[in-house]
Amino acid sequence: MQDAASFIRGLPKAELHLHIEGSLEPEMLFELAAKHRVALPYTSVEALRDAYAFSDLQSFLDIYYAGANVLRDEEDFYALTRAYLLHAHADGVVHTEIFFDPQTHTERGIAFDTVIRGIRRALLEAQLELGITHRLILCFLRHLSAESAMATLRQALPYRDWITAVGLDSSERGHPPSKFVTVFDRARAEGLLTVAHAGEEGPPAYIVEALDLLHVSRIDHGVRCLEDEALVQRLVREQMPLTVCPLSNVMLKVFARAEDHNLRGLLQRGLCVTVNSDDPAYFGGYVAENYLAMQRALQLTRAELIQLARNSILASFLHSSEQSRHLAAIEAYAASH
Ligand code: HPA
Ligand SMILES: [Zn+2]
């Protein structure tokens, strides 16, 4: 195989699990803190990066929400999204489906309109300039109440046409999918698709709830599914995509080391596994680095890398004609590299 890093970067792929707030690099965080005169408890970019040593999901979320506090005006959300798209483009991403967490911002008095307009402007621009297509997924914070999620959905409805799906993120344990049945029912009634983080830290039963109660089209993370054989068989039968985030899983101690990740096991069971970056500014790499970390740790073959890229297109919310075009590009790349 040609040098793995350049093979991976050139491979056309979709990214399906990316929190835009998690792409806030320390340099931009410092710039925006200065712009808005927000005091930071860190004296330098290096000191901030040094604080990115997490013990679990919650220890990360505490720092992630504190970081998002510097995002204040439409230009900030535009700059954040544009910077992510440039990284994604360099990593061979042809299509991206990004999460945003409106409650992280509306809870501190930033208007929903400010957030979504800034993100959307960068997405539309990247479509024209870089040819990257997109979908936008609104995530509810599961540590907040079901009523707060419903209020957020109501705020989003005037922007219905800009949003493809709703999702569920933040602290998983103790906040099962069943808490959000009513708001997900309402979202589906509005024609929105649904996804949910499940089986990252939480038990396989949360994956089952996401399928049965929230009627999700994908499971975000889902790596703990292997603990339930009947669930694995169902996920395989339904070809239910899992949006796996390897560097995130290692940084949040879901697996002790990259070598211990169960990605190959998931692939070998015939699951529709995809590889994604989750929160690249916090976890040490964008999507290509996630592929590369797994290739190095698990000696993934060229065929497995190509399968992951194919899965990313098949698991996307792109129309089938667009999927076919991207799948053909992957086959052409595979044949010529
Ligand atoms: O990996 C995650 N899990 C849950 N919530 C999140 N919010 C950002 N990243 C994550
Ligand atoms: Zn996530």
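**Helix faces, annotated sites and loop residues**

Glu 147 and Arg 154 are exposed residues of helix α8, on the face turned away from the helix's buried side. The model described here is predicted. Helix α8 spans residues 146–156, and its buried residues are Ala 149, Thr 152 and Leu 153. Seen down the axis of α8, these buried residues fall within an arc of 100°, so they line one face of the helix. The elements covering them include α6 (102–106), β3 (133–141) and α9 (181–189).

Helix α2 can be described in the same terms. It runs over residues 26–35, with Pro 26, Leu 29 and Leu 32 as its buried residues. Viewed down the axis of α2, the buried residues fall within an arc of 125°, so they too line one face of their helix. Cover for the buried residues of α2 comes from elements including α3 (45–50), α4 (57–68) and α5 (74–90). Arg 37 follows α2 and has a positive phi, near 55°.

A helix pair was examined next. The axes of α16 (residues 302–314) and α17 (residues 320–336) come within 9 Å and cross at roughly 170°. An angle over 145 degrees counts as roughly antiparallel. The crossing angle therefore makes α16 roughly antiparallel to α17. On the α16 side, the contact is made by Ile 306, Ala 309, Arg 310, Ile 313 and Leu 314. On the α17 side, Gln 323, His 326, Leu 327, Ile 330 and Ala 334 take part. By class, the contact of α16 with α17 has seven nonpolar, two polar and one charged residues.

Annotated positions were then located in the model. In an unreviewed entry, UniProt gives the annotation "binding site" to His 17, His 19, His 197 and Asp 278. These residues are spread over 262 residues of sequence, yet they cluster in space, with a largest C-alpha distance of 11.7 Å. The unreviewed UniProt entry also lists Asp 279 under "binding site".

His 19 lies in strand β1 (residues 13–19). It has 28 C-beta neighbours inside 10 Å. The threshold for a buried residue is 20 or more, so His 19 counts as buried. Leaving aside neighbours within four places in sequence, His 19 is in contact with Phe 99, Asp 101, Asp 169, Asp 278 and Asp 279.

Asp 278 is placed in the loop between β8 and α14. It counts as buried because 30 C-beta neighbours lie inside 10 Å. Beyond four places in sequence, the contacts of Asp 278 are His 17, Leu 18, His 19, Gly 22, Cys 245, Ser 248 and Phe 283.

Asp 279 lies in the loop between β8 (273–275) and α14 (280–283). This residue is buried, with 26 other C-beta atoms within 10 Å. With neighbours within four places in sequence left aside, Asp 279 is in contact with His 19, Gly 22, Tyr 64 and Ser 248.

Backbone angles and loop residues complete the description. Most residues other than glycine have a negative phi. Gln 239 is not a glycine, yet its phi is positive, about 45°. It sits in the loop between α11 (229–237) and β7 (242–244). Gln 239 is exposed, with 12 other C-beta atoms within 10 Å. Lys 253 also has a positive phi, near 65°. Its place is the loop between α12 (246–251) and α13 (263–268). Lys 253 counts as partly exposed, because 14 C-beta neighbours lie inside 10 Å.

Thr 301 is found in the loop between α15 (287–298) and α16. Thr 301 is exposed, with 12 other C-beta atoms within 10 Å. From C-alpha to C-alpha, Thr 301 and Phe 30 are 40 Å apart in space, and 271 residues separate them in sequence.

Conventions: Residues are numbered from 1 along each chain as its sequence is written. Chains are lettered from A and ligands numbered from 1 in the order in which they are written. This is a predicted model: local features need pLDDT of at least 70, side-chain atom pairs count only at pLDDT 80 or more; totals for chains, interfaces and linings use all residues. Helices (H or I, at least four residues) and strands (E, at least two) are DSSP runs, numbered from the N terminus. The arc is that of the directions from the helix axis to the C-beta atoms. Two residues are in contact if their C-beta atoms, placed from the backbone, lie within 7 Å. UniProt positions are given in the numbering used here, feature names are shortened, and annotations may be inferred rather than shown by experiment. Axes are lines fitted to C-alpha atoms, for helices over the stretch in contact, and angles run from 0 to 180 degrees between N-to-C directions. Angles under 35 degrees count as roughly parallel, over 145 as roughly antiparallel, 65 to 115 as roughly perpendicular and the rest as oblique. Ala, Val, Leu, Ile, Met, Phe, Trp, Tyr, Cys and Pro count as nonpolar, Asp, Glu, Lys and Arg as charged, and the others, Gly among them, as polar.
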